Amino acid sequence: MSGKPFRPPFRAGALQDPRLPEPDFPAQKQQMPGLATRMDPLPDHGEQSYRGSGRMAGKRCLVTGGDSGIGAAAAIAFAREGADVAINYLPEEQEDADAIIAVIEAEGRKAVAIPGDIRSEDFCKTLVSRAVEELGGLDVLVNNAGRQQYCETLEELTTEDFDATMKTNIYAPFWITRAAVPHMGEGGSIIITSSTQAFSPAAHLFDYAQSKAANVAFAQSLAKQLAPRGIRVNAVCPGPYWTALQISGGQPTDKAAQHGANQPLGRPGQPVEIAPIYVLLASDEASYITGEYFGSVGGGGL
Ligand code: NAD
Ligand code: MG
C-alpha cells in the first residue's frame, strides 16, 4: 500500500461533519482497471470504519467488482453484518481482492474469490455456478462491476470501446442475473450499481451514461417481473466516489483530482459512505422496497 488512509474510523456517538475531511487528492493515473491499493489517499472501504449489527446474518452474497471501490465496501459491510460473500474481479486485480478477502475472513465469514472477465457469457455462467456451489446457495446478488472510460468526441469513440462498455455494464448484469435467479428464492435481493450519469449524463461519458440509464430500467423492469417470485430488485446511483475507476481513465487526470469538488459537500464520497444503502437493500428490513433507485451524490441530487 502506498497511500495514506483517508479518514479516521467513525467513533460511535461522535457527530461527523459531512464536509470533512477536506479532500487533498494529488493528480494520479493508472492503467485500467486500476488498483485501490496503489491510490493516494487510499479509498476507505470500511476496513476500519464500518460497524455491523447482524442485519444480514447467514445471507449468501455475490458482489461483482468486489475487489475495490463501492463493491469492496458493500462486500466488507455484508460480512460485518454476518453474511458470507463471494467477490468477482479481473485477474489483474488480485492484489486488491486479497486485501478484501482478508477483511471478510477476519470477520469469521466465508469469503470466495472468483476472478474472471464478465464480458464473456460463458464466464458469467461459471461465476454464478461457482458462487452457488461454494456459498451453498445465493440470497443477494450485487451487479456492481463497471467500465467507465471517458472520450471527448463521438468520432473518437471506437466501436470496440463502445462494445466493451455495453458488454461490461449491460450484457454482464443480464447474463449473471439470468443465471442467478433460478438459484434465488423468496426474500432474495438483486442490486445493480447505476450512476448519477443515468440522470445527468456528462458530455465525455456518452457510452457510459447510456449504459447506466439502462441499469435503472433493469431494476425497474425486473422488479415487476420478480415480485411474484418474492425477489426484490433495486438500483443504487452513486455520485462522485473516490475509487480506482476515476483515476484509471474514468475522468481526465485533472478532473479526477477534483472529483466531487463541485458538489455542495465539496468532496467525493468514500466507498464506505454508500455501503449502508447496499446493506439496507440486501437486508429483510427493505421488504417493501423494490423497483426503486437510490442516490448518494454529495448534495447535487439525482
Ligand atoms: P472500481 O474500479 O473500484 O470498481 C469497478 C470494478 O469493476 C473493478 O474493480 C473491476 O473488478 C470490475 N470490472 C470492470 N470490468 C470488468 C470485467 N470486464 N470483468 C470483471 N470485472 C470487471 O470503481 P467503482 O467506482 O467502485 O465502480 C463500481 C461501480 O460504481 C461501477 O458500476 C461504476 O460505474 C459505479 N459508479 C461509480 C462512481 C464513482 O464516482 N466512483 C459513480 C457512479 C457509479
Ligand atoms: Mg478494482
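Tutor: Let's begin with a definition: a residue is buried under 20% relative accessible area, exposed over 50%, and partly exposed in between. Keep in mind as we go that this model is predicted.

Student: Is alanine 227 buried, exposed or partly exposed?
Tutor: Find alanine 227 in the loop between α5 and β6 (232-238). Its relative accessible area is 43%. That value falls between the 20% and 50% cut-offs, so alanine 227 counts as partly exposed.

Student: How far apart in space are alanine 227 and glycine 291, C-alpha to C-alpha?
Tutor: In sequence, alanine 227 and glycine 291 are 64 residues apart. The distance in space, C-alpha to C-alpha, is 9.2 Å.

Student: And what is the C-alpha distance between aspartate 96 and alanine 213?
Tutor: Start with aspartate 96, which is found in helix α2 and counts as buried at 2% relative accessibility. Along the sequence, 117 residues separate aspartate 96 from alanine 213. In space, C-alpha to C-alpha, they are apart by 28 Å.

Student: Are aspartate 67 and glutamate 93 buried or exposed?
Tutor: Aspartate 67 has a relative accessible area of 2%, and glutamate 93 has 8%. The cut-off is under 20%, so aspartate 67 is buried. By that rule glutamate 93 also counts as buried.

Student: What kind of aromatic pair do phenylalanine 199 and tyrosine 293 form?
Tutor: A pair of aromatic rings is described by the distance of the centres and the angle of the planes. For phenylalanine 199 and tyrosine 293 these are 4.8 Å and 35°. Planes under 30 degrees apart would be stacked and those over 60 edge-to-face, so this pair is tilted.

Student: How many residues apart are phenylalanine 199 and tyrosine 293?
Tutor: Phenylalanine 199 sits in the loop between β5 (189-193) and α5 (206-226), while tyrosine 293 belongs to strand β7 (residues 293-296).

Student: Which ring lies under the charged end of lysine 167?
Tutor: Look for a ring whose centre is 5.4 Å from that charged end. The ring belongs to tyrosine 171.

Student: Which elements give two or more residues to the lining of the largest cavity?
Tutor: The largest cavity holds about 30 Å³ of space. Its lining includes Asn169, Pro173, Ile192, Thr193, Lys212 and Asn215, and it divides into three nonpolar, five polar and one charged. The elements you want are α4 (159-180), β5 and α5.

Student: What is omega for the peptide bond from aspartate 40 to proline 41?
Tutor: Proline 41 lies in the segment before β1. The bond that reaches it from aspartate 40 is cis. Its omega is near -5°.

Methods. Residues are numbered from 1 along each chain as its sequence is written. Chains are lettered from A and ligands numbered from 1 in the order in which they are written. This is a predicted model: local features need pLDDT of at least 70, side-chain atom pairs count only at pLDDT 80 or more; totals for chains, interfaces and linings use all residues. Side-chain values use heavy atoms; hydrogens and water are left out. Rings of Phe, Tyr and Trp (its six-membered ring) pair if their centres lie within 6.5 Å; planes under 30 degrees apart count as stacked, over 60 as edge-to-face and the rest as tilted. Helices (H or I, at least four residues) and strands (E, at least two) are DSSP runs, numbered from the N terminus. A charge sits over a ring if NZ of Lys or CZ of Arg is within 6 Å of the ring centre and within 35 degrees of the ring normal. Buried means under 20% relative accessible area, exposed over 50%, partly exposed in between (1.4 Å probe, protein chains only). On a 1 Å grid over the protein atoms alone, a cavity is a set of points where a 1.4 Å probe fits but cannot get out, and a pocket is an open set with protein on both sides within 12 Å along at least five of seven lines; lining residues have an atom within 4 Å of a point. Grid points are joined across faces, edges and corners, and a volume is the space filled by probe spheres set on the points. Ala, Val, Leu, Ile, Met, Phe, Trp, Tyr, Cys and Pro count as nonpolar, Asp, Glu, Lys and Arg as charged, and the others, Gly among them, as polar.
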